[in-house]
Amino acid sequence: MKLRLHSLLAIALTGMLIGCTSSKPDVENVPEIELYNKAKSELENGNIKSSIKVLESMDKNYPFGPYSQQVQLDLIYAYYKSADLPLAIASIDRFLKLNPTHQNIDWVIYMRGLSNMAQDDNMIQGWFNVDRSDRDADYAAAAFKDFTYLVSSFPSSQYAADAQKRLIFLKNRLARYQLKVAQFYTKRGAYVAVINRVTDMLSTFPDTDSTKEALLLMRNAYNELGLVNETQKVDQLIQANLENMPKEEQRSFLSRFTSVFNGG
């Protein structure tokens, strides 16, 4: 009875191993073009995981084949679509290192920007409309750098227009984060840090609402430090911004004075 039970277990385990083995793409004795057509078909039909398995096998077994570069490009897209963003970025960096003059390099940089931007995205914030602009902005900064490089280096690229729109969004995202940091320093009385942070905002994001609001923090910091001349200069800058705003925006700006200091 024990022998029979052991035999059944052995058969079951063998079946599991065969099943696992059969799930892997068989690349032996299969022409490279057939493998690529299969991967392409799976990708076009939305079978991302199946496509990735074939592409990864090709990338491993045919690293110098005629489809090697296209396989790497397709892997970048497939990893991005499957939300495996760290692997997408690793593949992008590898491709850029190996193929710095490739004709589709603008697309590769665009995909790195998208991947970094996606890593910055917060699903909870989107679902519940929660403001989490205080979360770490490293991925947003990386995406901003990618899209800036794309727009400046490839202005005629078909991806430049979309990159430009994303830059506007990212600029405001980064400015909101800097405002949160300045509010944090204000609460702790670190007024020199506040001044340095807002000065950097004026240099990098001068035309954002967050920077205009940060001027209030800068004015307060100078005032707390007893620097009268600097306080007056910031007053003039705030006044200049107010004069360029429509009346409704002026009221909105002034009404945010309290919320800025309260971390709102």
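Here is a short tour of a predicted model, from its confidence values to its cores and a surface patch.

Start by colouring the chain by pLDDT. The mean is 85, and 77% of the residues reach 70 or more. Now select residues 1-23: pLDDT stays under 50 there, and the model has one contact beyond four places in sequence for this stretch. Hide those residues if they get in your way.

Next, pick Ile-76, Trp-107, Val-108 and Phe-147. These are the residues with the most contacts inside the largest nonpolar core, which has 25 residues. To see where the core comes from, show helix 4 (68-81), helix 5 (85-98), helix 6 (105-120), helix 8 (138-153) and helix 9 (160-187); each of them supplies at least two of its residues. Helix 6 gives the largest share, eight residues.

Zoom in on Val-108. Which residues does Val-108 touch, leaving aside its neighbours within four places in sequence? Look for Leu-73, Ile-76, Ile-92, Phe-95 and Leu-96, all in contact with Val-108.

Last stop: the surface. Select Val-192, Leu-225 and Leu-227, and you have a nonpolar patch with about 240 Å² of accessible area together. Click on Leu-227, in the loop between helix 11 (209-224) and helix 12 (228-243). Is Leu-227 buried or partly exposed? Its relative accessible area is 35%, so Leu-227 counts as partly exposed.

Conventions. Residues are numbered from 1 along each chain as its sequence is written. This is a predicted model: local features need pLDDT of at least 70, side-chain atom pairs count only at pLDDT 80 or more; totals for chains, interfaces and linings use all residues. Side-chain values use heavy atoms; hydrogens and water are left out. A nonpolar core is a set of buried Ala, Val, Leu, Ile, Met, Phe, Trp, Tyr and Cys residues joined through side-chain atoms within 4.5 Å. Buried means under 20% relative accessible area, exposed over 50%, partly exposed in between (1.4 Å probe, protein chains only). Helices (H or I, at least four residues) and strands (E, at least two) are DSSP runs, numbered from the N terminus. Contact means heavy atoms within 4.5 Å. pLDDT is the predictor's confidence in each residue, from 0 to 100. Patches are made of residues with over 30% relative accessible area and no salt bridge: like charges are joined within 9 Å, nonpolar side chains (Val, Leu, Ile, Met, Phe, Trp, Tyr) within 5 Å. Accessible areas come from the Shrake-Rupley method with a 1.4 Å probe; for residues, only the protein chains shown count as cover. A salt bridge is a side-chain nitrogen of Lys or Arg within 4 Å of a carboxyl oxygen of Asp or Glu.
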